[in-house]
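Subject: Structure handover

Hello,

Here is the structure we talked about. Please open it first, then read the notes below.

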Amino acid sequence: MAETEAPRFFGSRVSRVQDDRLLRGHGRYVADIELPRALAAKFVRSYEAHASVGDIDRDEAAEADGVSAVFVGSDFVESEIRCVSSYEGFQISAQPILAVDRVRFAGEAIAMVVADDEYLAEDAAEMVFADLSPLPVVLDLDAALEPSAEVLHDGWADNAYVRRAVKTPGFEAAVSGASHRVTIDLNNARHGAIPMENRACIADYDRGTQRFTLYTTTQIPHLIRAGLALAMDVPENRIRVIAPDVGGGFGVKAQLYTEEVACCLAARELGRPIKWVEDRREHFVAAHHSREHRHRVTGYFDDDGRIIALEADIRVDMGAYSVFPWTATMDNGMAMGILPGPYKIHEYSVTGTPVCTNKTPYGAYRGVARPAACFSIERLVDQIARHRGLDRAEVRRRNLLGPDDYPWHSPSGLVYDSGSLPESLESVLSLGGYEALLTQQVEARAQGRLFGIGIVAFTEQTAHTTQEFKQRGVPIVFGYETAKVRLDASGTAVVSASIHDHGQGLETTLAQIAADRLGLDLEQVRVEYGDTNQVAYGAGTFASRSAVLAGGAVTRAADDVVAILKQVAAHDLEAAIDDIVLETGRLSVKGSPNASVAISEICRLVYQRPERLPKGVESSLEASRTYDAEPGTGAYTNAAHLSTVEVDPMTGKTEVLSYAIVEDCGPMINPMIVEGQIFGGVAQGIGTALFEEFLYDENGQPLSSTFSDYLIPTMTDVPDFAVAHLETPSPFTIGGIKGMGEGGAIAPGAVIASAVEDALSHLGEPVVNELPLTPERVLAYIDEATAPGGPR
Amino acid sequence: MREITVTINGKPTSATVSPRLLLSDFLRQDIGLTGTHVGCEHGYCGSCTVHVDGASTRSCLTLAVQVAGRAVDTVESLAPDGEALHPIQQAFQDCHGLQCGFCTPGLLMSVAELAGTNPECGRAEIREHLAGNICRCTGYHQIVDAVERALVALREAQVDG
Amino acid sequence: MKPPKFAYHAPTTVREAVELLAELGDDVVVLSGGQSLIPMLNLRLANPTDVIDLGGVDGLGDVAARDGGLDVGAMVTHRQMETNDLIASTAPLAQHAAGFIGYRAIRNRGTIGGSIAHADPAAEWPAVVLALDGAITLTSAEETRNVAGDDFFESLFTTAKRPDELVTSVHLAGRFQDNWGFSEFQRRTGDFAAVAVAVGCVITDSSVVEARVALAGVAERPLRCPAAEQALTGPHTGGAAEVAAVARDSFEPVGDSHGSSEYRKRLVFAETHRAVAQALGSDIESIANA
């Protein structure tokens, strides 16, 4: 960084560099890209949840107006998507590109129509007739594990992808010494990320060079390239994946999809670009779902409400197939690991079962299992408070990890690097006005109103890399990210990164880091990403890792480039390298203010006046580096949320009145962007808490396939937010930065459930244990609270 | 096929279209104005919002033939190329009112309508007016900040002008 | 999600429109605002051979006073209903209800005539028409006739309108302008009502001399609730809970993924309570269980 001054950009609320093009309508999303001679694809999808596939009559469709081809499963049978966990006993699923002999969820693609435009493709898709013979459906994760359940994949023993169990050695002894215990069952409805941009891809195949170019809406271009190479048995140097502007991801665009493979295969077959733009109804049934967890948790605690041991059983409905690159174990593994959360719990026993059902495959969604884990542990802590007659804030004070507990080796084997949990709890109580709210609640109750307060503290594992992922049983270990920094002859910089920005603002935050390190202005740095031709490899953007890992890689690469600049400047200024200081726009000799040279002049020399370079210096101002945030166990952000709600006693409708957040994600590169990430996550979490649910009928027909049936929070469903920050640096990362992209979405389900339970607590003591809290469910809790004889 | 003439962003434009062509597809594919985004095609998400004769309209719930003889304005009309951002756009940038940018063009057009019909409104009315524009990224808070700021800027511009 | 192929017709007069209707057969749909029809086309729930667009037809966009009430042209938009002064003064219930329909962009284009002809049982206008003793004017190539709102809505998306007829205007009575109530349960702003209740009363000397209570979302068509109307009629000093309980016990709504039958009955109670209380001008009681 410009070594004589404080960072000019790191820590500032600078406006985002990408906003200008997005605000003018000049963003370039996949659907906006037109390739010459491109054809439009439309998928014909199964209307049955489970069926054997007989004849598929495609003759009429193939003859229809404007149709080039109609593909069915037998055309693409050489390819499939497999993602195999290394966990012992993992049962392997193979997802066909188009269904071959069996469909396993309603929405699975069974044919692909390619035509001149989308209208004609859709016309022809209605003319494809598939003979589907229904088979027994498996829709409930517990029913799926019954011995009588239909087994969904050939050769499997049952419908468990795998069964896992972890127990600390001292667990049994701790349990026998505990004076109290509470057990609760919790249910989290299946829902999903639902970005505003549906999926889309364009596959282009060059017959001369035998190369594929796939434009696609993905968060993970290099992993898509890896997955395509495996699925199609094509070397990676024949595949280029480009993810241009992407309209939101949140995890759902972090998997390889069969449609991407199908478009590549069809493009090769037809010799023309194939463009597929998913429609919203397809997105609801065929883009991966998430969040469907069922937990049973038991807390063992002493008279003071201190937790001695935690026991849990975690089942997740992973749907019909294991997804690439996560496998079908990702949510289960994450929940098993993070369940003890922010609390000082030493003894832990957990079993976990990811389950196969006739539902849409299950992928990542912001927070990956942590919303369900937070819901379980926080609901449990609230029940402990109730059991011991303690205030909910007080029971947390007694159990939270303190500042002296780090590094904390959790009973599930995680290493928490640092944090400020008690301080964040106290801060949010004060920011949210907890004491005043307690008074307000008394007044509200006197008026017959149902007013409740929820409080939650949590820890967010971020930027976990090699050490963590090697334990997760995944086939590709998501370690480092890569960045390349290049200065050109005019003195401006291009930063290329293996991450992707689809709203997180990395195009700006990486530019902030690079500009500081290179002594340039923000406008002199251009950040590019989303093209496998730009850098060699990297995992992409997920798991709150990009600012830490790509930020670290940019720092390293920029520093390497600065070292070359200094070499050349020392030669040019006839000074010792160690005396050269980088300043904004210039390189100077320490102690000689007049001896300096512009960075742009050194850049010009390097490329255009090679005769003036010192011996051994090449004409290159480029460096490519990776960063793994060693030791790779993650940087732990922590936060506390406080919310108030009012419940309508007649209809059960819950309104979120206020929401306060105190978050500690270490030093912030751009606080404005940090706040945007928090607020966006919380709004999604309000969806989790109150609205979002993929429903099925008893035959496995999806009932939530439009925006009128699947309810996303709108502007009137989300309150204004209050936010404050703490900044405890991570000892493990460059700059002490921690990730924070997911945190906002983790806590709201737990907070709002706590608030709703609190709103009813003067009536009775139902345990609010199911999300989303639809008005009908809340009325049932009210009924339970007010039933004669008290709660059941 | 039908001949239509539409004034698009102030410019009279003639085209031959199929009656079933949606206005959203007409603008994006026939005219090349890809700033109008398609998020649901059943009227709920608001990403495709444009103005027809000055009133906000879902371009996915409008046939191109229905706008024959009318004026259609899209997000590209707010700030001509090479000129400064419109005060609404500038406020969105200043307040971080956008993230992925996909819903943004529709939101901007809804805000432009609000600025014309209810320029003095407060946060609750802003939220009510924009409830038909879903944003999945921002959590809305900074959008409401941006709209408040934009309405002030537009009022001040009016006083100055 | 693209519309299927259809032939498109753009008449400029009502006469031309009804002649097209007579001539083109049964698979014809009329496009007014399109805010219900075009989603159905995009989802391919409708596959008409022909679409007749009323957008260019003159004379369907006016609001006029008649017989103490209003004649509202079929192409009057929800937004006009929300902002028109005559509506506000003569049928404030209609003005109020308009604000609950969809979002601003939907209200800018959607029309009262289109909504009434579509006859979605959860929509606002059919219930408002019943509460305001409305009548529908239907025009065909042969005749123009008026059908009382009470006789118009027959079943799910089915009305007394013949295939060759066009809804050309809606009459709303003016005598409920002082005592009316409207309440609906929406999960989110702009959502279709799970239950909506519209109430029109005439109160003379502290006594309800006429009451109309209409509900949307409880059956396959909007329904009045005679028992609730009877309970509401007479010298009342605020019997919202009693009327609401009668309404609740009068229906067996069909349950679906948005709410069970039992839950919908609770909503009938809640929304009837609120609408009646508004109509009577009393305060809403806060305790649910009457």
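One definition before the notes: the domain bounds used here come from an automatic or database domain assignment. With those bounds, the C-alpha centres of domain 1 and domain 2 of chain C lie 18 Å apart. Keep in mind that this is a predicted model.

Chain C

The domain assignment of chain C gives three pieces: domain 1 (7-56), domain 2 (63-172) and domain 3 (179-280).

Now the chain as a whole. Chain C has 12 helices and 14 strands. Its radius of gyration is 19 Å, close to the 19 Å that the globule rule gives for 290 residues, so chain C is as compact as a globular protein of that length. Along the principal axes, the C-alpha atoms of chain C fill a box of roughly 55 × 45 × 30 Å. Of the 290 residues in chain C, 59% are buried. Take the contacts in chain C with a separation of 6 or more: 63% of them join residues 24 or more positions apart.

Chain A

Chain A holds 21 helices and 31 strands. A compact globule of 792 residues would have a radius of gyration near 28 Å, and chain A agrees with its 28 Å. The box filled by the C-alpha atoms of chain A is roughly 95 × 70 × 50 Å along the principal axes. Buried residues make up 61% of the 792 residues in chain A. Among contacts in chain A with a separation of 6 or more, 80% are between residues 24 or more positions apart.

The domains of chain A are built from separate segments. Domain 1 is 19-27 + 480-627, domain 2 is 33-135 + 196-248 + 253-286, and domain 3 is 373-464 + 631-786. The C-alpha centres of domain 1 and domain 2 of chain A lie 39 Å apart. Their contact takes 15 residues from domain 1 of chain A and 16 residues from domain 2 of chain A. By class, the domain 1 side has 3 nonpolar, 11 polar and 1 charged.

Two local features of chain A

Start with helix 11 (residues 392-399) of chain A. Its buried residues are Arg392(A), Val395(A), Arg396(A) and Asn399(A). They cover an arc of only 100 degrees around the axis, so they sit on the same side of helix 11 of chain A. What do the buried residues of helix 11 of chain A pack against? The partners are strand 16 (307-319), helix 10 (370-388), helix 12 (421-432), strand 20 (450-462) and helix 20 (748-760) of chain A.

Next, strand 29 (residues 654-664) of chain A. Of its 11 residues, 8 are buried, so strand 29 of chain A is largely enclosed by the rest of the structure. Strand 28 (residues 635-647) of chain A pairs with strand 29 of chain A in the antiparallel sense, over 10 bridges. In that pairing, Ala640(A) and Val662(A) are bridge partners. The two strands form a hairpin with 6 residues between them, and Gly652(A) in the turn has a positive phi of about 80 degrees. Strand 29 of chain A also runs parallel to strand 30 (residues 721-726) of chain A, joined by 6 bridges. There, Ala660(A) has Ala722(A) as its bridge partner.

Contacts with chain B

The contact between chains A and B takes 42 residues from chain A and 41 residues from chain B. Helix 1 (19-23) and helix 18 (671-691) of chain A each supply at least two residues of the chain A side. Helix 18 of chain A gives the most, with 7 residues. The chain A side divides into 18 nonpolar, 14 polar and 10 charged residues.

Chain C touches chain B too, with 24 residues from chain C and 23 residues from chain B. Helix 2 (37-42) and helix 6 (104-109) of chain C give two or more residues to the chain C side. The largest share, 5 residues, comes from helix 6 of chain C. By class, the chain C side has 11 nonpolar, 8 polar and 5 charged residues.

Best wishes

Definitions and conventions
Residues are numbered from 1 along each chain as its sequence is written. Chains are lettered from A and ligands numbered from 1 in the order in which they are written. This is a predicted model: local features need pLDDT of at least 70, side-chain atom pairs count only at pLDDT 80 or more; totals for chains, interfaces and linings use all residues. Two residues are in contact if their C-beta atoms, placed from the backbone, lie within 7 Å. Helices (H or I, at least four residues) and strands (E, at least two) are DSSP runs, numbered from the N terminus. Ala, Val, Leu, Ile, Met, Phe, Trp, Tyr, Cys and Pro count as nonpolar, Asp, Glu, Lys and Arg as charged, and the others, Gly among them, as polar. The radius of gyration is taken over C-alpha atoms; the globule rule is 2.2 Å times the number of residues to the power 0.38. A residue is buried if 20 or more other C-beta atoms lie within 10 Å of its own, exposed if 12 or fewer, and partly exposed in between; C-beta atoms are placed from the backbone. The arc is that of the directions from the helix axis to the C-beta atoms. Two strands pair if DSSP finds at least two bridges between them.
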